[in-house]
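Morning, everyone. I have one structure for you today. Please take a look at it before I start.

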Amino acid sequence: MSTPEEDRPRAVRPLGPRAALVECADLHDAVAVHARLAGADLPGLVDCVAGARTVVVRASSTAALRDAVRTARTVPRGSAGTGAARTVTVAVVYDGEDLAAVGELTGLGADGVVRAHSEQTWTAAFAGFAPGFFYCVGDAEDGLDVPRRDTPRTTVPTGSVALAGRFSAVYPRSSPGGWQLIGRTDARMFDLGRDDPALLRPGDRVRYRPVRELARLTPSAPDPAPPVPGPHLQVGSAGLQTLVQDTGRAGSAALGVSPSGTLDASAAASANRLVGNAPAAAVLENLLGGLELTAHGEHVLAVTGARAALTVTGPAPWRPPLGTPFALRDGERLAVGAVTAGARVYVGVRGGLGVPPVLGSRSADTLAGLGPDPLAAGDTLPVGPDPGTAVRQPEPVPDPPAVPAVRVVPGPRDDWFTPAAVTSFFAQEWELTASSDRVGARLTGEPLARERTDELPSEGTVPGCVQVPPSGLPVVLLQDAPTTGGYPVLGVVHPEDLGVLAQLRPGRSLRFVPVPAPELDAPPPGGRTGDGAPGTAGATTDTPGNTSGDTPAGTPAGTPPDTPTESSQE
């Protein structure tokens, strides 16, 4: 006979206009819900990410989001998902720097920790912090439960096997971290050379097998980069930062892979449209100007986004306007001057940039290191084939408003803040700080007070989430942010307004405007679906607040306080 808890539908909280957070009974319930969604092949489902007690679903439309929420609510509590989980064995040399300390903390001694860790089966629950970093939970009721280090390490070696709280994980790459190190493995947790880069997937079973030593493989020398054939662009100067970006690599958030992609999607789409490219063609994203490109072959370019003077030098020097397609002939050089308004310039080239894709995208992920490296002087950029379409008429580049208004859908954790704090968030002007980057827009203003001060178990995020760390100063997560986080999210910026943050310079101000969440239980009257835009109908769903518990969040040494990576760097 079912219990009232098993019969009660799962509560759902809005996470912006095209995502939702499904609350689950516990970690195992979240794994089951994620498994069912991942195996359901739902049309329009962009990503789903399990957390410690929740599952985030992100969809391409409100209708698709409703379908995903409906499916999540029908998964029986205590179910085992799809039953497609694998068992992965990881060989471990138990000689970690913290093994003796963990033995003292648990009272088991070093040998007892090894037995406790290796004699139980672990479940890969959810990924976060970095691609392939999986939080694994053991099946022993009286299993290991240890605190993080008081002082996180600035560098944790690749392959380190570690514990934090009731979780175990393997560091897929060298990084800062605060987990207790008990061993090491040569298992490659994330390898782009494999057809399936991630060794683990949510729901997989993991067995740690003690070994005395690991095989030592001498890495082969990388193949030299081949010369770039055909038409291409050569970088003379990359300015402060210039990256290759496209529409991103959505669909791999469950593996810890951020979506990446252009920060100002509208400006990038305009650059592609002007030169006749498809919207997903790769462009250059330049921060604050200072970019110089030399043409090898005949090209058509367009520059959009922030305002900056353009100069073409060659036999007949001239100044092309912004928002207009223009020819850059063989040997000519384009110089993008210092930005005078806005922050990011987008350069589209007819045919798109032909750099090799990684996980289906040519975008550079600055946090995880996926995709092409930031550009440097001397780099060459291959250009794809002519699309065979017409170039477009000039598009005016609008002047940015003095204090832009950014739409925000409140929730899912706005009830963690005092009513006065929520009011203050929308009433005051916030200033962008100089520590902002593609991971997050960090704001300064009047700090926001919390109603609840306990720790939030890690849960999935989407670009636009407004996380509020203990300082009370919001951080808006952007395209390269980790896929999970441990700070409460007061609201989510509308996807169409993220470009405003991309074009905001440090020291400039903005304000937030609340807009309603989409109705997720049923279509609004008349069949119109809310999408978080002004004037659309919508309402939040049931939002109970049972969220206390352990959180796999840590702060590495050397990380600026209250950054968006602080809740996910391990």
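Predicted model: local features only at pLDDT ≥ 70, side-chain atom pairs only at ≥ 80, totals over all residues.

Pocket first. This is the second largest pocket, and its volume is about 710 Å³. How many residues line the second largest pocket? The count is 33. Nearest the centre lie Arg18, Arg58, Ala265, Gln479 and Pro495.

Now the secondary structure around that pocket. Strand S4, residues 54-59, gives two or more residues to the lining. So do helix H6, residues 265-275, and helix H8, residues 498-502. Which element has the largest share? That is H6, with 5 residues.

On to the threonine. Thr242 sits in strand S15, which runs over residues 241-245. Is Thr242 buried or exposed? Its relative accessible area is 0%, so Thr242 is buried.

What is Thr242 in contact with, once neighbours within four places in sequence are set aside? The list has Leu284, Glu285, Asn286 and Leu291, then Pro374 and Leu375.

Two of those partners deserve a word. Take Asn286: its side chain makes a polar contact of 2.9 Å with the side chain of Thr242. Then take Leu291. Along the chain, Leu291 and Thr242 are 49 residues apart.

To recap Thr242: it is buried, it belongs to S15, and its side chain has a polar contact with that of Asn286. Thanks, everyone.

Technical notes
Residues numbered from 1 in each chain as written. Heavy atoms only, no water. 1 Å grid on protein atoms, 1.4 Å probe; cavity = no way out; pocket = protein on both sides within 12 Å on 5 of 7 lines; lining within 4 Å. Points joined across faces, edges and corners; volume = space filled by probe spheres on them. Helix = DSSP H or I, 4+ residues; strand = E, 2+ residues; numbered from the N terminus. Buried < 20%, exposed > 50% of the residue type's maximum accessible area, 1.4 Å probe, protein only. Contact = heavy atoms within 4.5 Å. Polar contact = N/O pair within 3.5 Å; in protein donor to acceptor, adjacent residues only side chain to side chain.
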